[in-house]
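Please read this briefing with the sequence and the 3D view side by side. It takes up two positions in turn and then turns to the confidence of the prediction.

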Amino acid sequence: MIINSKALIKPKPYLIVLTQTHVQVGIVGKPNAGKSTFFAASTLIDVKIAPYPFTTIEPNVGVGYVTIPCVCRDLGVKDNPRNSICMDGTRLIPVELIDVAGLVPGAWQGRGLGNQFLDHLRRAPVLIHVVDASGGTDEEGRIVKPGTHDPLLDVKFLENEVDMWMLQIVKKEWDKVVRQVEYSKQKIEDVLYSMLSGLGITRAIIEEALTQLSLINKQPHLWGEEAIMGLVKYIRSIGKPMVIAANKADIPEAEDNIKRMINELKGYRVIPTSADAELALRRAANKGLIKYIPGDQDFTIVGNLMPEQVKALERIRSIMRKWGGTGVVKALNTAVFDVLGMIAVYPVADEKRLTDTEGRVLPDVYLLPRNATVLDLASAIHSDIAKRAMFAVDALSGRRIGLNERLQHRSIVRIVTTR
Ligand SMILES: Nc1nc2c(ncn2[C@@H]2O[C@H](COP(=O)(O)OP(=O)(O)OP(=O)(O)O)[C@@H](O)[C@H]2O)c(=O)[nH]1
C-alpha cells in the first residue's frame, strides 16, 4: 500500500444522477485482487477495503468516469457542464460501475458468494477483470508472497466461471429449446435470444455464434454438451468482453507478470494498473494537496505536505512514469471506447453559441453506441425529442445530418424538431 488507502475519501460535490442510458461496466475478479480499491478510486465513493476475502458483502454500484479531451479545449470556450464534469479541458463522463465481489473458483456452483454476484454481471456489457499481477494472492484470494501465484491462471479461471454460469442457464432450458425448435418450428436464434437477452446478449451475437459454429441448421437434440459449451464460450467472448486490469503494478514482482500477460493473453487488452496509487492521488487531490486530473500521467504538488507525504507521492510518480499513469481511468476508457466502441456526442440547442436552451455552453455529453444515429441521440435525450426530430446540424461544419445518419465521436450537434 502506498498512502493509507484505507482511510475514507470524501465524495466530490457533484450530483450526477444515473439514468438508464448510462453505460454499465462490471468490475470482477477474485478476492483481494483490488476490486474495491479500483472501484473506490474510480467512483470517489468510499467502500469497505480490507485485506481478507469477502469484505464486500453487498455488490456496490457507483458512478465512475471515462474521459475524453473536451471540445471546449479545441474551441477555446468556457463550458458549463451539467451531466458530466470538465476539469482543465478533460471531460469526465459518468458510467455506472458494478463492483462484483467474492468470485472464487466454483462460484457458479454457489461457492463463496456465488451466483448472486454472477447475476450482477447480467447487466454489464463489458467487464474489467482486476487481476493481482504481483502474484501475491492465491486462486482463492488468500494473501501469499508476491511472485507465488501465476496471475494468468486467474484470467482462465474467471472465463470459466462465466462460461459455467451461462452453460447452466442454457442446459437447464435445453429440453424447452428442443421442443420449441423441433416441434413448434420456432427459429433457434429466436429461442436462444429470448433465453439470453436477460443476460445482455443481443440477437446479433447469437446469430453470429450460430453461423460461425455452423450450428444454425443443426437440430438441437443432436447438439450434445460440447456443441452447447462451444456456443456458450463464443457468446461469452463477444457478449461479455473483458479488459484485464493488471493491478498492483507498483509491486516489483508484477513487472514480469505484466509482460507475460501482454505477450501471452492474445486477444485481450491488458492495462497495467495501480488502484492503490489512483486512490491515493484522488484523496490527495480532494484535500487540495495535489492537482491531479483522473487519468493524467502526472500530478503537481500544490499543498503544504509533510516530508513523508512527499516521499509517498514521489513513489507514486515513479510508478506513473514507468506505466504511463496509474492505469485506472485507462482501463475504463479502454472498456468503454475501445472494446464497446462507444462515442461521445455533445447535443446543443443553439449550434452557433454551443448552448442549451438556458444558455449553458456545452452542458451535456452523451455516450452512444458506435453506430448511433441522430435518432438514437434524440431517443437518449428524450422520447418526445425522438418523436419530433427532423434532422440535425453539425455545429462545426454547419452540415445537415439526416435522422438515420451516423454521428461522429466528439461531435457537437443540434437536433432540429417540429414544434
Ligand atoms: N500494492 C498495491 N496494493 C493494492 C492495490 N490495489 C489494492 N491493493 C491492496 O490489496 C488489498 C485488497 O484490496 P481490495 O480492494 O480490498 O480487494 P478486493 O478485490 O475488493 O477484495 P474483496 O472485497 O475481498 O473481494 C488491500 O490491502 C489493498 O490496499 C495496488 O494497486 N497496489
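**Two loop residues and the confidence of the model**

Ile251 is found in the loop that runs between β6 (242–247) and α9 (254–264). The model is a predicted one, and the predictor assigns the complex an ipTM of 0.98 together with a pTM of 0.89.

**Ile251 and its surroundings**
- Ile251 counts as partly exposed because 19 other C-beta atoms lie within 10 Å, whereas a residue is called buried when 20 or more do.
- Leaving aside residues up to four places away in sequence, Ile251 touches Ser134, Gly136 and Pro146.
- Although Ile251 and Ser134 are 117 residues apart along the chain, their C-alpha atoms are separated by 6.1 Å.

**Asn32 and its surroundings**
- Asn32 belongs to the loop between β1 (24–28) and α1 (35–43).
- Asn32 has 25 C-beta neighbours inside 10 Å, and therefore it counts as buried.
- Between Asn32 and Asp79, which are 47 residues apart in sequence, the distance from C-alpha to C-alpha is 40 Å.

**Confidence of the prediction**
- The average pLDDT of the protein is 87, and 86% of the residues score at least 70.
- Residues 1–20 have a pLDDT below 50, and this stretch has 33 contacts in the model beyond near neighbours in sequence.
- The pLDDT is also below 50 over residues 45–58, a stretch for which the model shows 36 contacts beyond near neighbours in sequence.

Notes
Residues numbered from 1 in each chain as written. Predicted model: local features only at pLDDT ≥ 70, side-chain atom pairs only at ≥ 80, totals over all residues. Helix = DSSP H or I, 4+ residues; strand = E, 2+ residues; numbered from the N terminus. Buried ≥ 20, exposed ≤ 12 C-beta atoms within 10 Å, placed from the backbone. Contact = placed C-beta atoms within 7 Å. pLDDT = per-residue confidence, 0-100.
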